[in-house]
Amino acid sequence: MMETPLPELEAILLVGGQGTRLRPLTLGTPKPLLPTAGVPFLAHQLARARASGVRRIVFATSYRAEMFCEAFGDGSAFGLSLEYMTEETPLGTGGAIRNAAEALSSGPDAPVLVLNGDILSGHDIREQVDMHVAREAAVTLHLTEVEDPSRFGCVPTDDDGRVTAFLEKTPNPVTNRINAGCYVFTRSVIDSIPADEVVSVERETFPSLIEGGALVLGYADASYWLDVGTPAAFVQGSRDLVLGRLVSPALPGPTGDFLALPGAMISPEAKVGGGSVIGARAAVESGAQVSGSVLGDDCVIQSGAVVVDSVVGIGARVDSGAVLREVVVGDRAVVGPGNELLAGSRIWPGIVLPECAIRFSSDA
Ligand code: GDD
Ligand code: MG
């Protein structure tokens, strides 16, 4: 049977945020470009968008804007056509969408996909677009359920899927259903956002559309979803891609217990697993244990060191017997022998921790 070709779709990708919660990883690299399961994070999103019929994407950039074009160019390597629109000063999510829309070719009635640049999602984008078109909505929001909705946009709906309110980061969420950061806008609705002004879609555009009686729909589903905005979530996203919990056409190797990039040297006496990535030319010495972690290119994990659920930056070193759990080690930093670093510790790039400088004692 011949498959019906998917109608071409244009998208806007929001990638202008500073990624402050991911410092020091984001000091030199924007969050959407951090190496995740062996490739820049966005490569996974771009591949999934393409698979659902998207052919042209406008990047809404601000922080370190030039790095996106360096990474993805005109998009031909990804089977996409890419454009870049930069805000001199960040215009907020709404202002960024309005500004990027200048580069769209879609007419006023066409559906336009808008994606937050830090989301891994297994939902069916096509089904979301089809629902939007069939019900002639102004905007259709992808919704997912999380345990703590107060960190997100809380989105109650009625029985028909109509969004009844949009409550961004409210301390008193009325439902666990949240904005999952993937929207379908009817193009003319984007054009109604004021130009060259700082506007938040979450705090201004959505609430005022709902207030004004426009049809804002929720597309609720329960497939894989993750916002990679914190170190713990970032590590989890990479791990889930390597383990195959979320299928990505951009994964540079087979799914499995770990992913070793070209030139990685893993001692047969080391224990590596839990969806870890071992960066190009990185070394994991005998007796070292690495689990659920992202190791940057050229880093070294010396014998007997333990690295669990952590990020180790490019060219960094973790010396013998050091123990790291849920830690971020910046590029070229050195964790001297015998240090014990626990959840939430962050070592800035280039810092050298002397031998046994930090120890953990449970009987304090
Ligand atoms: N171009 C541009 N300009 N992009 C921006 C700007 C800006 O001024 N501000 C934020 N962005 C981009 C970020 O780069 C990111 O991709 C996206 O917009 C969302 O920003 P975050 O900083 O990640 O927001 P959040 O995670 O706190 O909340 C948002 O996402 C949640 C889902 O993960 C909101 O949309 C919530 O409602 C939502 O639940
Ligand atoms: Mg986010």
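1. A word on terms before we start: Ala, Val, Leu, Ile, Met, Phe, Trp, Tyr, Cys and Pro count here as nonpolar, Asp, Glu, Lys and Arg as charged, and the others, Gly among them, as polar. Please also keep in mind that this is a predicted model.

2. Let's begin with the largest pocket, which holds about 870 Å³ of space. Its lining is made up of 34 residues, and those nearest the centre are Lys31, Thr93, Asn116, Asp118 and Glu202. Sorted by class, the lining has 13 polar, 11 nonpolar and 10 charged residues.

3. Where does the lining of the second largest pocket come from? Domain 1 (9-227) and domain 2 (257-353) each give at least three residues to it. Among the strands, β2 (35-36), β3 (39-40), β20 (294-295) and β23 (311-312) each provide at least two.

4. Finally, the record: UniProt, in an unreviewed entry, places the feature "domain: Nucleotidyl transferase" at residues 11-240. In the model, that span is 27% helix and 26% strand, and its end C-alpha atoms are 25 Å apart.

Key
Residues numbered from 1 in each chain as written. Chains lettered and ligands numbered in written order. Predicted model: local features only at pLDDT ≥ 70, side-chain atom pairs only at ≥ 80, totals over all residues. Heavy atoms only, no water. 1 Å grid on protein atoms, 1.4 Å probe; cavity = no way out; pocket = protein on both sides within 12 Å on 5 of 7 lines; lining within 4 Å. Points joined across faces, edges and corners; volume = space filled by probe spheres on them. Helix = DSSP H or I, 4+ residues; strand = E, 2+ residues; numbered from the N terminus. Domains from an automatic or database assignment. UniProt positions renumbered as here; feature names shortened; annotations may be inferred.
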